[in-house]
Amino acid sequence: MKIFAQQGYGKGDKIHNGLNSSALDGIILSPRDEREVKLRQFVEEIQSSYPNTDLLLDPQFYYSLYIDGTSKNLEDYPYFPGVINLTTLRSFRNIQKFVNDCIEFQEDIGLDCVVSPNILIPNFSDRQAQIALNMAEESANIAEDKGLDLYISLTFSESALNESRNVNDFLNELSTLNATGFYVTIDRKTPDYNQDYESETSLLNLLTFIYSLSEINEYKVIMGYSDIIGILYLTVGAHAISTGWHNSSRKFTVQQRVLPTSGGRQPRERYTSIPLLNSILVSELDTISNQLRARNIDYTTLLSNSAYENVILSGNNPSDTWSRGISHLQHWSALKNATEDIFTNPDDISDRLDDMENYIDEAVAKYNLLNSLPIQLEKSSKGDHLETWTRALREFRDLHHV
């Protein structure tokens with residue numbers, strides 16, 4: 001079970017700090033957010049200074065189909081074709097060139113494990129799904145010829161997961177591909193920051209998607225832009241989850257990541273509470289700590305087992321010494337330690353499911369305590385998502401008899 005950094009804008013020393021604290025196992029590089037010369041230097045540095053770090057590049061080829069997409073630095077990369085349309089991708093010769101250029105670039109910058117280009121799939125029965133499969137098959141052929149390990153990149157809409165039959169048909173196609181694994185990104189319906197899925201069916205089918213590829217077909221599955229809900233993905237077999245420092249690099253939406261935005265205010269500082277299986281505002285943690293201490297209740301039972309809990313405990317209030325720079329490091333560290341703290345037998349899916357369900361029950365109990373107190377939590381900080389998680393896991397176990 002691995003935690004990867006999802007690179008976004010403003011890398012600075014964030015990833016270095018995450019690696020130095022052993023909170024990260026790998027990095028998903030974002031050419032959109034890094035000039036080519038800087039990306040090449042970064043790859044060389046990571047391979048030299050952190051040789052055990054998994055390093056993958058997300059080609060972000062799907063930006064090419066958006067005429068108004070904010071592709072930023074992608075335009076200057078030699079493999080990126082600029083704006084094209086679906087008609088261009090009807091030609092096998094074009095697909096072959098795009099795939100070859102993309103893989104050759106990754107090989108040229110020193111990556112021996114490459115990621116295929118892809119396009120966004122709105123529905124598994126649409127022609128985009130067939131184009132994506134064609135690109136995946138050609139990527140597998142080229143990677144095999146070059147002797148490279150390959151992750152097939154898949155990006156699809158959350159709504160595509162609502163049609164169970166189409167999901168299963170698409171899985172049947174994927175299971176024939178010669179690849180090391182899959183790098184999966186879900187285009188979520190709403191950019192609102194939370195750990196929930198609007199549809200229980202879509203979450204159930206996503207868990208089945210991961211389980212089928214990983215546990216049944218023995219591919220390595222890396223889930224991009226996963227955040228805390230990624231713990232569920234690890235439960236059913238994902239090899240790694242990736243999450244970043246901005247909310248937009250913890251949850252992927254075309255609205256936030258691809259299309260132009262008008263900007264907005266700076267995000268408020270948050271704290272990742274693994275015992276609550278959620279991220280809450282540090283100001284809310286102030287209120288919680290005051291309310292619980294007034295009742296002689298130890299509020300530290302809501303703190304995560306991360307390398308940064310001493311910062312929370314060093315002031316009179318949790319927020320006194322907290323900062324945005326610490327929050328993303330605590331987020332990675334908390335998730336990394338959660339993979340070790342929650343699962344008693346990580347090699348057995350039945351045991352992982354037992355452990356996850358028990359941990360959710362404990363989180364619900366902690367939320368019940370908070371709900372009994374005069375504490376006002378914003379919507380994303382509440383525990384409503386835990387009901388969706390519980391039902392999805394229960395149906396998953398019934399469906400797959402695990």
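The model is predicted, so local features need pLDDT of at least 70 and side-chain atom pairs count only at pLDDT 80 or more, while totals for chains, interfaces and linings use all residues. Residues are numbered from 1 along each chain as its sequence is written, and side-chain values use heavy atoms, with hydrogens and water left out.

## The whole chain

Let's start with the big picture. The protein chain holds 13 helices and 11 strands; these are DSSP runs numbered from the N terminus, with helices being H or I of at least four residues and strands being E of at least two. Its C-alpha trace spans about 70 × 45 × 40 Å along the principal axes. The radius of gyration is 21 Å, which agrees with the value near 21 Å for a compact globule of 402 residues. That radius is taken over C-alpha atoms, and the globule rule is 2.2 Å times the number of residues to the power 0.38. Of the 402 residues, 57% are buried. Buried means under 20% relative accessible area, exposed means over 50%, and partly exposed lies in between (1.4 Å probe, protein chains only).

## Strand β1 and its partners

Now follow strand β1, residues 2-6. Four of its five residues are buried, so β1 is largely enclosed by the rest of the structure. Strands pair if DSSP finds at least two bridges between them. β1 runs parallel to β9 (residues 240-243), joined by four bridges, and parallel to β2 (residues 26-29), joined by three bridges. A5 stands opposite T243 in β9 and opposite I27 in β2.

Together, β1, helix α1 (residues 14-20) and β2 form a right-handed β-α-β unit. Right-handed means that, with the strands pointing away from the viewer, the path from the first strand over the helix to the second runs clockwise.

## Cavities and a pocket

On a 1 Å grid over the protein atoms alone, a cavity is a set of points where a 1.4 Å probe fits but cannot get out; a pocket is an open set with protein on both sides within 12 Å along at least five of seven lines, and lining residues have an atom within 4 Å of a point. Grid points are joined across faces, edges and corners, and a volume is the space filled by probe spheres set on the points. The whole structure has two cavities of 30 Å³ or more.

| Space | Volume | Lining by class |
|---|---|---|
| Largest cavity | about 70 Å³ | seven nonpolar, three polar, one charged |
| Second largest cavity | about 40 Å³ | two nonpolar, three polar, four charged |
| Second largest pocket | about 350 Å³ | 10 nonpolar, six polar, five charged |

In these classes, Ala, Val, Leu, Ile, Met, Phe, Trp, Tyr, Cys and Pro are nonpolar, Asp, Glu, Lys and Arg are charged, and the others, Gly among them, are polar. The lining of the largest cavity includes R188, Y225, S226 and I229, and these residues are also among those lining the second largest cavity.

The second largest pocket has 21 lining residues, with T53, D54, L55, D112 and C113 nearest its centre. Strand β3 gives the most to this lining, with three residues.

## Two positive phi angles

Most residues other than glycine have a negative phi. S22, in the loop between α1 and β2, has a positive phi near 65°. S22 is exposed, at 55% relative accessible area. K72, in the loop between β3 and α3 (92-108), has a positive phi near 50°. K72 counts as partly exposed, at 46% relative accessibility.
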